Amino acid sequence: MSVNKNARMQAGVLFLIMLLSGCATPQTQQLRHTPPKDLPAHVELTDVPFYPQNTHQCGPAALAMVLNAGGAQVTPDSLIKQVYLPGREGSLQVEMLASGRRNGLLAYPLTSSRQDLSLQNLLTEVAAGTPVVVLQNLALRWYPVWHYAVVIGYDLPRQEIILRSGLEQRLIIPFATFEYTWQRAAYWAMLALPAGVMPRTATEETYIKAAVALEKNITPKKNVVVYQAALKKWPNNLTAYIGLGNAFYTLGDKEQAEKVLRQATLAHPDSAIAFNNLAQTLADQKRYTEAFSAATQAVRLAETKGSSEEQGVTQITLNEIQEKMH
Amino acid sequence: MNKRFVCITGRILMLSMLSLSLPLQSVQAAMIGADKVTISATQVQFDRARVQALIDREDIRAALQKEGIDIQTAHARVNALTDDEVQQVAGKLDQLPAGGEVLGILLTVFIVLLVTDILGFTKVFPFTRAITHPARR
């Protein structure tokens, strides 16, 4: 519980130690010398609710704040059962992400192609209106004190970051101190966004993974929105095509499903999955000749480079279509 | 739904069984999911069905309950993880930070136990002994 009360002091001590040991905060330096032009100077997301944490339970508290901001009606208490590990007196990152999904939001771990841009990306997301959960190690590498907090704002000229942290509704610490504590937790951060909202700094692989993981937790209608957002940004992504086509299929909109899956086969002529799902969609519309041709192609592709599951399913699709043709 | 298609392979059966406990996951005739697009042939397919079965084992149930985690909760939490996440956790659980003021390597219940046990990193009983050690401060 000392985390909250001593956060400032620990951070201060840490700062001193780091100065003495010659460690650097390169990202803070970079922001000071060349602040990104498109980043507003001051941001504070005052609407983000605040839940002071109970003993050890900064995970559920931090998570509840960002989930509320994303539109999910949850309280820290309701999240304890989803993320808290009594034996560890803490919460694992993977379960923080999983809980975001269980509550219907896209759980996006903040990543960047260049790690030296982590801080800039974090501020970019906050500037876009999204509070961000961060994992910090408030102490030292060999004596870790792990802590989740929520970044709700920053002040570029003053080089300060604004957090909801522990018992403090508005904890302001220097960028450099924050960078030390965050660096020690490998710059881990997560966003929780409503369906269709794209992180400002989204990377293709991370977004798609997050979207697929979310799929089963939200309605097909919302999945349509999630995958459409992906295709808008990455028009060639096969997973997004399949996800969108399947979502339309589940909704019973076979025409839209067909349209999307056909595009998928054109953009990815080597995808057995695209051909298989197109074949199934056509067969459902009783267009067996076209379906047969797509299913045959799916089987052929699966044989050469597909997984055993793909081989099995494509064969079954083809068999069923053949049966119906007679 | 065409029932003939559901029981093609054990994997599909397993997925469809899993889906019973999940909202809105439909079992589609022979549509392949978007999650299968990126799976490479070499990627380990984590067998959740085994994990879920493990939770129901008497000794593990007892260990979980001792830590205040009921069985349904444990099932739901394993279900909520992606294969990737399960693997991330499995390899190095004892080193993972758990935000909330935790020190060092403190072995724990639940996923740790489930995942490491299933992958053969640990056995349940050594583990359950481990949690009775006083936490190092």
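This is a predicted model: local features need pLDDT of at least 70, side-chain atom pairs count only at pLDDT 80 or more; totals for chains, interfaces and linings use all residues.
In chain A, helix 13 (residues 272-284) packs with helix 14 (residues 288-305), their axes lying 8 Å apart at an angle of about 160 degrees. Since angles over 145 degrees count as roughly antiparallel, helix 13 and helix 14 of chain A are therefore roughly antiparallel to each other. The crossing of helix 13 of chain A with helix 14 of chain A is left-handed. Helix 13 of chain A contributes A:Ala272, A:Phe275, A:Asn276, A:Leu278, A:Ala279, A:Leu282 and A:Ala283 to the contact, while residues from helix 14 of chain A include A:Tyr288, A:Glu290, A:Ala291, A:Gln297 and A:Leu301. By type, the residues of this contact comprise 13 nonpolar, two polar and one charged.

A:Gln311 is located in helix 15 (residues 308-325) of chain A. This residue, A:Gln311, counts as partly exposed because 18 C-beta neighbours lie inside 10 Å. Leaving aside residues up to four places away in sequence, A:Gln311 touches A:Ala302, A:Glu303 and A:Gly306. By contrast, a separation of 56 Å lies between the C-alpha atoms of A:Gln311 and A:Leu171, which are 140 residues apart along the chain.

Chain B contains seven helices and one strand, arranged along the sequence in the pattern α-α-α-α-α-β-α-α. Chain B has 137 residues, of which 29% count as buried. Among the contacts in chain B with a separation of 6 or more, 61% are between residues 24 or more positions apart.

Notes. Residues are numbered from 1 along each chain as its sequence is written. Chains are lettered from A and ligands numbered from 1 in the order in which they are written. Axes are lines fitted to C-alpha atoms, for helices over the stretch in contact, and angles run from 0 to 180 degrees between N-to-C directions. Helices (H or I, at least four residues) and strands (E, at least two) are DSSP runs, numbered from the N terminus. Angles under 35 degrees count as roughly parallel, over 145 as roughly antiparallel, 65 to 115 as roughly perpendicular and the rest as oblique. A crossing is left-handed if the near helix is turned anticlockwise from the far one by less than a right angle, and right-handed if clockwise. Two residues are in contact if their C-beta atoms, placed from the backbone, lie within 7 Å. Ala, Val, Leu, Ile, Met, Phe, Trp, Tyr, Cys and Pro count as nonpolar, Asp, Glu, Lys and Arg as charged, and the others, Gly among them, as polar. A residue is buried if 20 or more other C-beta atoms lie within 10 Å of its own, exposed if 12 or fewer, and partly exposed in between; C-beta atoms are placed from the backbone.
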